Amino acid sequence: MPENVTFNHTLLIIGVIAALTFLLRALPFLLFKGGKTPDMVKYLGKVMPPAVIGMLVIYCFKDVNFTVWPYALPELLSAFAVVLLHLWRKNTLLSIGVGTVLYMVLTQLVFK
């Protein structure tokens, strides 16, 4: 911890973060009290998850070099495993977990 940050300062930071998190979680219930969700919010709720996943995939592959050994094999094999596992089991956490473990095994043990 930096020298100029006191225990009280740390507690204050945690308190502010907790309060803002609570406020952001409660905000939709405060804004849409009648249970009537605007069409734009419904639309964003439908299109944002696939868009975010697409952006994450692009971000994960942005620094991968396909022209040098191991030719992105750990990344491609792991991504392929995630897709297949998700299509088979329809469990996001399982797919991501297995893909992460597979990637780490491939990069640390197989493609050194």
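How many nonpolar, polar and charged residues does the lining of the largest pocket have, by class? The lining holds 12 nonpolar, 6 polar and 1 charged residues, where Ala, Val, Leu, Ile, Met, Phe, Trp, Tyr, Cys and Pro count as nonpolar, Asp, Glu, Lys and Arg as charged, and the others, Gly among them, as polar.

The structure is a predicted model, in which local features need pLDDT of at least 70 and side-chain atom pairs count only at pLDDT 80 or more, while totals for chains, interfaces and linings use all residues. Residues are numbered from 1 along each chain as its sequence is written, and side-chain values use heavy atoms, with hydrogens and water left out.

## The largest pocket

Rolling a probe the size of a water molecule over the atoms shows where empty space is left. On a 1 Å grid over the protein atoms alone, a pocket is an open set of points where a 1.4 Å probe fits, with protein on both sides within 12 Å along at least five of seven lines; lining residues have an atom within 4 Å of a point. Grid points are joined across faces, edges and corners, and a volume is the space filled by probe spheres set on the points.

The largest pocket contains about 690 Å³ of space. Its lining consists of 19 residues, and those nearest its centre are Val-57, Cys-60, Ala-79, Val-82 and Ile-96. Two or more lining residues are given by each of α2 (39-61), α3 (73-89) and α4 (92-110); helices are DSSP runs (H or I, at least four residues) numbered from the N terminus. The largest share, 7 residues, comes from α4.

## Aromatic pairs

A pair of aromatic rings is described by the distance of the centres and the angle of the planes. Rings of Phe, Tyr and Trp (its six-membered ring) pair if their centres lie within 6.5 Å; planes under 30 degrees apart count as stacked, over 60 as edge-to-face and the rest as tilted. The structure has 2 such pairs, listed here.

| Pair | Centre to centre | Angle between planes | Class |
|---|---|---|---|
| Trp-69 and Tyr-71 | 6.0 Å | 85° | edge-to-face |
| Trp-69 and Phe-111 | 5.7 Å | 65° | edge-to-face |

The pair of Trp-69 and Phe-111 links distant parts of the chain, for Trp-69 lies in the loop between α2 and α3 and Phe-111 in the segment after α4, 42 residues apart. Trp-69, Tyr-71 and Phe-111 form one aromatic cluster.

Trp-69 is exposed at 53%, Tyr-71 is partly exposed at 43%, and Phe-111 is buried at 16%.

A further ring, that of Trp-88, has Arg-89 over its face, at 5.1 Å from the ring centre. A charge sits over a ring if NZ of Lys or CZ of Arg is within 6 Å of the ring centre and within 35 degrees of the ring normal.

## Backbone features of the loops

Most residues other than glycine have a negative phi, and most peptide bonds are trans. In this model, the peptide bond from Trp-69 to Pro-70 is cis, with omega near 10°; Pro-70 belongs to the loop between α2 and α3. Ala-72, in the loop between α2 and α3, has a positive phi near 65°. Ala-72 is buried, with a relative accessible area of 3%.

Lys-90 likewise has a positive phi, about 55°, although it is not a glycine. This residue is found in the loop between α3 and α4 and is exposed, at 61% relative accessibility.

Ser-78 is part of helix α3 and is buried, at 5% relative accessibility. A polar atom of the Ser-78 side chain lies 2.7 Å from the backbone oxygen of Pro-74. A polar contact is a pair of N or O atoms within 3.5 Å; within protein, one must be able to donate a hydrogen and the other to accept it, and residues adjacent in sequence count only if both atoms are side-chain atoms.

Val-5 lies in the segment before α1 (7-31) and is partly exposed, at 23%. From Val-5 to Val-110 there are 105 residues in sequence and 44 Å in space, C-alpha to C-alpha. Thr-37, in the loop between α1 and α2, is partly exposed at 28%. Thr-37 and Lys-112 are 75 residues apart in sequence, and their C-alpha atoms are 52 Å apart in space.

Key. Buried < 20%, exposed > 50% of the residue type's maximum accessible area, 1.4 Å probe, protein only.
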